[in-house]
Amino acid sequence: MDYAKEALIKHAEWKGKIEITTRAPAGTRDELSVAYTPGVAEPCLEIEKDVLKSYDYTRRWNLCLVVSDGTAVLGLGDIGPEASMPVMEGKCVLFKAFGDVDAFPLCIKTRDVEEFVETVYQISGSFGGVNLEDIAAPRCFEIEKRLKERCDIPIFHDDQHGTAVVTLAGLVNAMKVASKNKEDVKVVINGAGAAAISVARLLLADGFRNLTLCDRTGILYQGRKDGMNPFKDEIALVTNLGNLKGSLSDAIKGADVFIGVSAPGTLSKEMVASMAKDAIVFAMANPVPEIFPDEAIEAGAVVVATGRSDFPNQVNNVSAFPGIFRGAFDVRASDINDQMKLAAAYALAGMVDSKSLSKDYILPHATDTTVGSIVAKAVAQAAIDSGVARLQ
C-alpha cells in the first residue's frame, strides 16, 4: 500500500480523526434538566467547595491534553501548529485505542516558553494530565520542568519519556539474549536532544553506569563549549566518566550497546564491527534508521531494533504512553515519576516470556491491545508505592 497516498485520501474522507460524543441523554425535558440547567448547578456547587470533586462529576478524571507548538513534528521538523494537528489527532486515537484514555488535541501558536507554559497552566484544571508532544529541544525541557512545578497533574513529554521507557524495556530483553549485564555494559547514545537525554537519564536511574552521548559535534564531555546547552551540560556531568573526546567512531569502539535517536545513516558497518562481541544496536531514526538491520547483523550485531514496523523489534512509544496515563489516571496520580516509568518499562519487558524471547522478538508488538492494561497496573502500583497517588 502507498501509505502517503492512502493517508491523504482517508484524512480528506475522515475530516478529522476524533469527534465529541455525549454520555448524558438530553432527549426529554427531565433529561435536559438533569444534564444541564437547573440540575447541573448541584455538581458545580460541590466542585466549588472541593475542587477535587471535578474528578467525580466531570470527565476530567479520564481526559488528557495533547499539546504541541509544532516545532519538532515527527521527522518533519518545524512545520507549525496547524500542520501538526493531524499528528495530535492521531495521538488522541492511540490514547483511546490502547489505553481507553480520552484525549484532546491543542496546538498553540507561540514559540515563547512563558506563553506556552502560562496557556497550558491556565487550562490545566480541565484535564487529568498533559501530554507534551513534538516540541523542539531544548525548549521542551524548560516547558516540562516549569509545568511540573506549577501543575498538580501529570506532565509527560512522550518524545522524551515514552521513548525512554520503550527503549529500556527492549534493552532489558536484548541484554538477556546477548547475555550482558547492565552494570557492566558500555552504552553509546547517538543524539543529545529530548529523547536521547531522557533515555540516558532513565538508564542511569535503572542502574546502568557506563554511558556516553554523542551529537553532531561529537562526544559530549565536561567542559565542551561547542554546541552545548544547559541540558547537555547537565547530562555530561553524569555520563562519559572517562571524559573521552572525539567522534561517534571513537566513542563506539568496544561498546556493547548503541542507541540511535539521531539521523539516517550515521552508524556504519565498520563502527558496528568495532563494537564488543554480541553487540546490541537500537537504530531508531525514522523512517530511515542509523543503519539497516541486515548491515548491522552482517557487521556482528546480535540484536537489532528500529522504529519501523517492517523490521523485527520495533521500538514504538504506543507501547508505553497509553498504559502509563491509564495507570496514572486510575489512581489520580499528581505526577509521572521515575519509579512509574521504570515500572512501565519492566512490565513491558515482562510481556515477552523466556520461551518467546529471541533476537527477533524482544518487545510485544505495538498493536498488542493487552499491553496498555498490563503497563497501567504496574504504573498505578508504582504511583501508590512512591506516594504520588491520590486514590488507592
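## A guided tour

Analyst: This is a predicted model, where local features need pLDDT of at least 70, side-chain atom pairs count only at pLDDT 80 or more, and totals for chains, interfaces and linings use all residues. Residues are numbered from 1 along each chain as its sequence is written, and side-chain values use heavy atoms, with hydrogens and water left out.

User: Which residues does serine 54 touch, not counting residues up to four places away in sequence?

Analyst: Serine 54 sits in helix 4 (residues 54-57). Helices (H or I, at least four residues) and strands (E, at least two) are DSSP runs, numbered from the N terminus. Contact means heavy atoms within 4.5 Å. Beyond four places in sequence, serine 54 touches Ile47 and Arg60.

User: Is serine 54 buried or exposed?

Analyst: Buried means under 20% relative accessible area, exposed over 50%, and partly exposed in between (1.4 Å probe, protein chains only). Serine 54 has 7% relative accessibility, so it counts as buried.

User: How far is the backbone oxygen of valine 51 from a polar atom of the side chain of serine 54?

Analyst: A polar contact is a pair of N or O atoms within 3.5 Å; within protein, one must be able to donate a hydrogen and the other to accept it, and residues adjacent in sequence count only if both atoms are side-chain atoms. From the backbone oxygen of valine 51 to the side-chain polar atom of serine 54, the distance is 2.7 Å.

User: What lines the largest cavity, by class?

Analyst: On a 1 Å grid over the protein atoms alone, a cavity is a set of points where a 1.4 Å probe fits but cannot get out, a pocket is an open set with protein on both sides within 12 Å along at least five of seven lines, and lining residues have an atom within 4 Å of a point. The lining of the largest cavity includes Phe98, Ser319 and Asp368. Ala, Val, Leu, Ile, Met, Phe, Trp, Tyr, Cys and Pro count as nonpolar, Asp, Glu, Lys and Arg as charged, and the others, Gly among them, as polar. By class, the lining has five nonpolar, three polar and one charged.

User: How much space lies in the second largest pocket?

Analyst: Grid points are joined across faces, edges and corners, and a volume is the space filled by probe spheres set on the points. For the second largest pocket, this space is about 720 Å³.

User: Which element gives the largest share of the lining of the second largest pocket?

Analyst: The lining of the second largest pocket has nine nonpolar, six polar and six charged residues. The largest share is four residues, and it comes from strand 2.

User: Which residues touch the most other members of the largest nonpolar core?

Analyst: A nonpolar core is a set of buried Ala, Val, Leu, Ile, Met, Phe, Trp, Tyr and Cys residues joined through side-chain atoms within 4.5 Å. The largest one has 98 residues, and the members touching the most others are Ile259 and Phe282.

User: Which helix gives the largest share of this core?

Analyst: That core has 98 residues. Its largest share is 10 residues, and they come from helix 8 (residues 158-178).

User: How far apart in space are phenylalanine 325 and valine 379?

Analyst: Phenylalanine 325 is found in helix 14. It is buried, with a relative accessible area of 0%. In sequence it is 54 residues from valine 379, and in space, C-alpha to C-alpha, the distance is 8.5 Å.

User: Where is leucine 241 placed?

Analyst: Leucine 241 is exposed, with a relative accessible area of 64%. Its place is the loop between helix 10 (230-236) and helix 11 (248-251).

User: What is omega for the peptide bond joining asparagine 286 and proline 287?

Analyst: Proline 287 lies in the loop between strand 9 (279-283) and helix 13 (293-298). The bond joining asparagine 286 to proline 287 is cis, with omega about 0°.

User: What is phi of aspartate 134?

Analyst: Most residues other than glycine have a negative phi. Aspartate 134 lies in the loop between strand 3 (129-132) and helix 7 (139-150). It is buried, with a relative accessible area of 3%. Its phi is positive, near 55°.
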